[in-house]
Amino acid sequence: MNCGGRSPATIRCKYCSACLTVTPGERAIQCAQCCGVTRIRRSMRLPLTALPRPAAPAAAFPCTRGKKRAVLIGITYAGMRRGCGELRGPINDVKCMRQLLCQRFGFPSDCIIMLTDDQKDPFRLPTKDNIRMAMQWLVQGCSYGDSLVFHFSGLGAQVPDEDCDEADGYDEAICPMDSFQKGPILDDEINEAIVRPLVHGAKLHAVVDACHSATVLDLPFFCHMSRSGNWQWEDHRPPSGACKGTSGGQAVLISGYSDGKSKFSMTPEAYASVGAMTHSFIKAVECEPCGVTYGRLLTSMKAIMTNGGGSCNLQGPVGAPVRKVANFSGVQEPNLSSSEMFDIYRKPFAL
């Protein structure tokens, strides 16, 4: 489509009809006016194989290859969304998550990459290229005994599926800080980048605090709370038969459910805040004993979301100054998806 006859590399936003510039090779683009995501027709994009992925400079990411590694991403989108305020909480989410990983689970600080949009280093900004490079760094050379963590706090999106591998007909996505120029990162790509490379004995835990994030890793099995109050599994393997599992390792996603009706809360500038999903995860880990099962952890997270209100009471020098919980993702209760089913009431949670 040629909006106004000026350039062939433009399309109309599906939701507000704004004219969007297409970045060659990308499969979707986000509108800066309405934040809606529009799928780019195949005929208007270059084959992905024709576009080399960026390579990180030698000094961009740590050379340390510890057995415990993490990528933590927090995006406020300050000044990026027309007519919309920035998100309150994502940067604090990343700081609190880093403290949890280092102090509770023994992650070396030099094996944690933090991408936030307040950084001065251009390779630490959560752009689409930097997130792709960070995901590659996280799983590169993974081996038996590796414990990897991927945390994202920001905006999520849904895009109509074109590969027939989504039961609900939509791909989920995370939105980098330049999503309005380069488009979101779809769940298909996230799965290929950090799930498929996991070898036997390697495990990945992802915690995603964003709207439309319930299945953003495209994992084949989904666990949620039933009407009877028990956590139960559903088979979400793609109707197309596409393989969405690992190469022998295990991937687990802890994310949130929203019915689309809850209101996103915005916190006043004067208050430091943390995202509701991240807050419930960290608080549940802090409150529960070591060796807590996945089922107990999820139940504790749900109770914190339901009863915690808007007050934050995290521990430590990073969490203590945070006073408010901002539910910018609209999450109502946690859920879990995995590359394999397991007994969540027996298997202990450990990073």
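## Helices α1 and α5

Helices α1 and α5 lie roughly parallel to each other, a label for angles under 35 degrees. Their axes cross at roughly 20° and come within 10 Å; axes here are lines fitted to C-alpha atoms over the stretch in contact, with angles running from 0 to 180 degrees between N-to-C directions. Helix α1 covers residues 90-105, and a helix means a DSSP run of H or I with at least four residues, numbered from the N terminus.

On the α1 side, D93, C96, M97, L100, R104 and F105 make the contact, and α5 brings T278, F281, I282, V285 and E286. Contact means heavy atoms within 4.5 Å.

## About the model

This is a predicted model, where local features need pLDDT of at least 70, side-chain atom pairs count only at pLDDT 80 or more, and totals for chains, interfaces and linings use all residues. Residues are numbered from 1 along each chain as its sequence is written, and side-chain values use heavy atoms, leaving out hydrogens and water.

## Helices α5 and α6

Now for the other pairing. Helix α5 (residues 276-287) packs against helix α6 (residues 294-307) at about 125°, with the axes 8 Å apart.

## Cysteines

How many disulfides does the structure hold? It has 0, a disulfide being a pair of cysteine sulfur atoms within 2.5 Å. The sulfur of C211 has its closest cysteine sulfur in C175, 7.1 Å away, which is too far for a bond. C211 also counts as buried, at 10% relative accessibility, and so does C13, at 3%; buried means under 20% relative accessible area with a 1.4 Å probe, protein chains only.

Technical notes: Helix = DSSP H or I, 4+ residues; strand = E, 2+ residues; numbered from the N terminus. Buried < 20%, exposed > 50% of the residue type's maximum accessible area, 1.4 Å probe, protein only. Parallel < 35°, antiparallel > 145°, perpendicular 65-115°, else oblique.
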